[in-house]
Amino acid sequence: MHRVTALVRPPQSTFELGCAAQVFGIERVGLPARYDFGVCTEHPGPVATLAGYDMVVTDGLDALDRAGTVIVPGWLPTAEPPSPAVVDALRRAYARGARVVSICSGAFALAHAGLLDGRRATTHWAQAEEFAERFPDVELDPDVLYVDHGDVATSAGAGAGFDLCMHLLRADQGARYAAHVARTMVMPPHREGGQLQYSAPPHPAHIDGTLAPLLEWVTARLGEPVSIEDMAAHAGVSARTLTRRFADQLGTSPGQWLLAQRIAAAQDLLESSDLPLAAIARRVGLSSATNLRRRFINALATTPGAYRRSFRSPSAPTGPPG
């Protein structure tokens, strides 16, 4: 069991805390529990929330000494720095190897502790200017959903906290486990961290131009050589218009979205089957084992073989060696 501990403070945003609790703190029928979730605060007792009620938190900062992952789900008001005791607890957790994560304004606490110096990070776009002025040693990227360095991760505001938590879950437990959790929450299993924090307002001509039917059509044909031109033709628009709609609605390009779907499908097959890499590559439209390896390394910083060894289900059917 991996222990995840959220560090809260008054006034605590219940949504940011809920992102972490919903992903790591809920037992789900048919899925083995992999996390032990808890909450702590500097001064145990009632903790005021932005939702108008207090919550009682019984654990103090020493709970961070037992955590495998520490999450700071927001830090408000941002102008108020964490106390020396909080800074010391965060640094101590990081020094002994805990993964330290922030959601939204929680990046301010991590920056005060010096955990983001010289590193790329993100926070809510509305707080980006203040953050950049106060922490010039941090390489702030105000546009992305989240940034994950493995030992330290930061997310943008609100819903991006879910995206980061699901990304961490996927990295810990594999694509199939994460997909199961996502289905119970009725949400997409994965959004790339490099996607934009917010999309541009839709152009009037795009209001009825939802991409959902096209995405469903493409997902059912990942094994086929579907091109951007094919996607545009199926949608009845030009490639340029399709690219603009992807940017507006998904914050990414058609090519990047398609590649992400193919890699996700490959992850699922690596976990659930013993198919050779060449067969998996053909099934997901990546043509060859060599291309699959290259795309996998670029996207996930690991090889298909290493991923399979880490996440393959013991019940997966066996087949010819890959």
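The model is a predicted one. Its sheet is open and consists of 6 strands, arranged in the order β2-β1-β5-β6-β10-β9 with mixed pairing. Because β2 (35-41) and β9 (146-148) each have a single partner strand, they stand at the edges, and one side of each is left without a neighbour in the sheet. On average, neighbouring strands of this sheet are turned by 15° against each other, direction ignored.

Two of the pairings may be followed in detail. Strands β1 and β2 pair in the parallel sense over 7 bridges, and the bridge partner of H2 in β2 is Y35. Strand β6 (residues 99-103) and strand β10 (residues 152-155) also run parallel and are joined by 3 bridges. In this second pairing, V101 stands opposite A153 of β10. Helix α2 (residues 84-95) packs on the sheet, where it touches β1, β5, β6 and β10. The direction of helix α2 makes about 145° with that of β5.

Helix α1 (residues 14-24) lies across β1 (2-8), β2, β5 (69-73) and β6. It runs at about 155° to β2. Together, β1, α1 and β2 make a right-handed β-α-β unit.

The aromatic side chains give a second view of the structure. A pair of aromatic rings is described by the distance of the centres and the angle of the planes. A search of the whole structure finds 8 aromatic pairs. In one of these, the ring centres of F15 and F162 are 6.0 Å apart and the planes stand at 90°, so the pair is edge-to-face. Since F15 lies in helix α1 and F162 in helix α5 (residues 159-173), the pair ties together parts that are 147 residues apart in sequence. Are the two residues buried or exposed? F15 is partly exposed, with a relative accessible area of 41%, whereas F162 counts as buried at 18% relative accessibility.

The rings of F108 and F131 have centres 5.1 Å apart and planes at 90°, so this pair is likewise edge-to-face. It links distant parts of the chain, with F108 in helix α3 (residues 106-112) and F131 in helix α4 (residues 128-134), 23 residues apart. F108 counts as buried at 0% relative accessibility, and F131 is buried with a relative accessible area of 0%. Ring pairs link F108, F131 and F135 into a cluster.

A further contact involves a charged side chain: R9 lies over the face of W75, at 4.2 Å from the ring centre.

Note on methods: Residues are numbered from 1 along each chain as its sequence is written. This is a predicted model: local features need pLDDT of at least 70, side-chain atom pairs count only at pLDDT 80 or more; totals for chains, interfaces and linings use all residues. Side-chain values use heavy atoms; hydrogens and water are left out. Two strands pair if DSSP finds at least two bridges between them. Helices (H or I, at least four residues) and strands (E, at least two) are DSSP runs, numbered from the N terminus. Axes are lines fitted to C-alpha atoms, for helices over the stretch in contact, and angles run from 0 to 180 degrees between N-to-C directions. Contact means heavy atoms within 4.5 Å. A crossover is right-handed if, with the strands pointing away from the viewer, the path from the first strand over the helix to the second runs clockwise. Rings of Phe, Tyr and Trp (its six-membered ring) pair if their centres lie within 6.5 Å; planes under 30 degrees apart count as stacked, over 60 as edge-to-face and the rest as tilted. Buried means under 20% relative accessible area, exposed over 50%, partly exposed in between (1.4 Å probe, protein chains only). A charge sits over a ring if NZ of Lys or CZ of Arg is within 6 Å of the ring centre and within 35 degrees of the ring normal.
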